[in-house]
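This short report looks at packing and at one annotated segment. Please view the model alongside the text.

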Amino acid sequence: VPLTKEPAPQAVPISDLPMKVYEAALNTGPDSSSGLATAGFRTAKYLPDEWHLNNSALYRRAFAGCEHGERDRAQAKELAEHAAAAAQRAQQVSTAALGQRLQDIHFWKAELQREIEELDAETSLLAAQKLRLERALDATEVPCAIATDNLQCRERRQPPDLVSDEVERELLKEVELIRNVQELLKRTWMQAGNQMRLNRDHKEICEKDWSDKVETYNIDDKCGRYSNQSTNVQFHLSSMKFEESASTPETWAKFSHDNIYMAEREKLASINLRALIDNILHDVSEDMRRQCAAVNEAFAKHCEELDDAKHKLEYHLEKVLRGIGDQEANIAALKQAIKDKEAPMKVAQTRLYDRSFRPNVELCRDEAQFRLVSETEELTESIESLKKKLLESEESLKNLEDTRMNLEKEIAVKTNSIFIARQKCMAHRIHYPVVFKLAGY
């Protein structure tokens, strides 16, 4: 058992015993030399009784002194034995108190060390989550660039395909989602940084407390190993006073308890933040991939609509081309028909002209004359009808030509839209990050 230093020896202050007063008879009486001036050499000498009485007094004083000394030595021995036993008991109690104190210090030191290790491990885990946030934030740059590029490419569509369709709405939703995700990841990243700083601050507080307890444990352990045979002990008279700033056992234990409590609170906050980061990264990655799938689906549907519209336009263009060819042939036939009427008209008009030279009464309105006039009128009416139909056919051909040009232009517009959708947008979207990368792995 560790022992404390040997206490200072206790002693009874030394004091002189009171002197016993002895009363001797005065030299008076008939046998006294007092007043006998004529006695010569017997002046001031003691009597035999006085001599014996003096010796007896000396004997009594010597006996009393010896008796008092013996009694004093017995008391001194008893006092020394009692003081030695009391000092040994006091030293044992102090050593036991130091041992109990070492147990208390060891308990709090172990608790602090455990808390420091757990807080350090938690900070490392939170640092890994913070790194995931950084990676996830970097991974959102690619989807943002893809969605923005898709919107810019779709601005190069030609009218009338430059419409605000479902694809554009989904792309705008994707851009807004990505920006919201970036803001959320940035805020969470800053929150993780602040939590890591708090974890390190409380870890430093616990480490300082732990370091103080290690030093105190070593000091108390050294004190507990002191014994009466130790050679490195000495008097320290000023060490008996209490320091004004010294703590009490209650405040001492409360200080470490509060440090551990605050560290536990920050550790719990860090654990909750890590769980929150896991949920955020999982949710945002799923949301972004879900929106990416919605945009891709809208693109695919739009491309199908463009393909269908283009095929229908090509089909109608083919019909228009055939119609143009047929109409051109029809116009040629009408022109030929008109031209073919010129000869009969010439014949009829020449007959009428020659018959106008018949003499006298022979200039008769006979049946032949009426028939020739009727023939001329029929031919004129037929030619007018053909010319009118020719104008209508030429107008129809012009309309067909305009329709052909419009169809060809619209087919070119649809071809450009399909190229933008498939080659510029959908081909770029294959580089969209996967869920694991968006989750920060």
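Where does UniProt place the feature "coiled-coil region"? The unreviewed UniProt entry puts it at residues 376-417. UniProt positions follow the numbering used here, feature names are shortened, and annotations may be inferred rather than shown by experiment. The span is 100% helix and 0% strand, and its end C-alpha atoms lie 60 Å apart. Helices (H or I, at least four residues) and strands (E, at least two) are DSSP runs, numbered from the N terminus.

This is a predicted model, in which local features need pLDDT of at least 70, side-chain atom pairs count only at pLDDT 80 or more, and totals for chains, interfaces and linings use all residues. Residues are numbered from 1 along each chain as its sequence is written, and side-chain values use heavy atoms, leaving out hydrogens and water.

**Cores**

A nonpolar core is a set of buried Ala, Val, Leu, Ile, Met, Phe, Trp, Tyr and Cys residues joined through side-chain atoms within 4.5 Å. Buried means under 20% relative accessible area (1.4 Å probe, protein chains only).

| Core | Size | Residues included |
|---|---|---|
| Largest | 21 residues | Leu-185, Ile-277, Tyr-432 |
| Second, separate | 17 residues | Val-320, Met-345, Leu-390, Leu-407 |

In the largest core, Leu-185, Ile-277 and Tyr-432 have the most contacts inside it. α1 (48-139), α2, α3 and α4 (249-340) each give two or more residues to this core. α4 gives the most, with seven residues.

**Asp-165**

Asp-165 sits in the loop between α2 (141-154) and α3 (166-224). Asp-165 is buried, at 11% relative accessible area. Beyond residues up to four places away in sequence, Asp-165 touches Arg-154, Arg-157 and His-302; contact means heavy atoms within 4.5 Å.

Note on methods: Buried means under 20% relative accessible area, exposed over 50%, partly exposed in between (1.4 Å probe, protein chains only).
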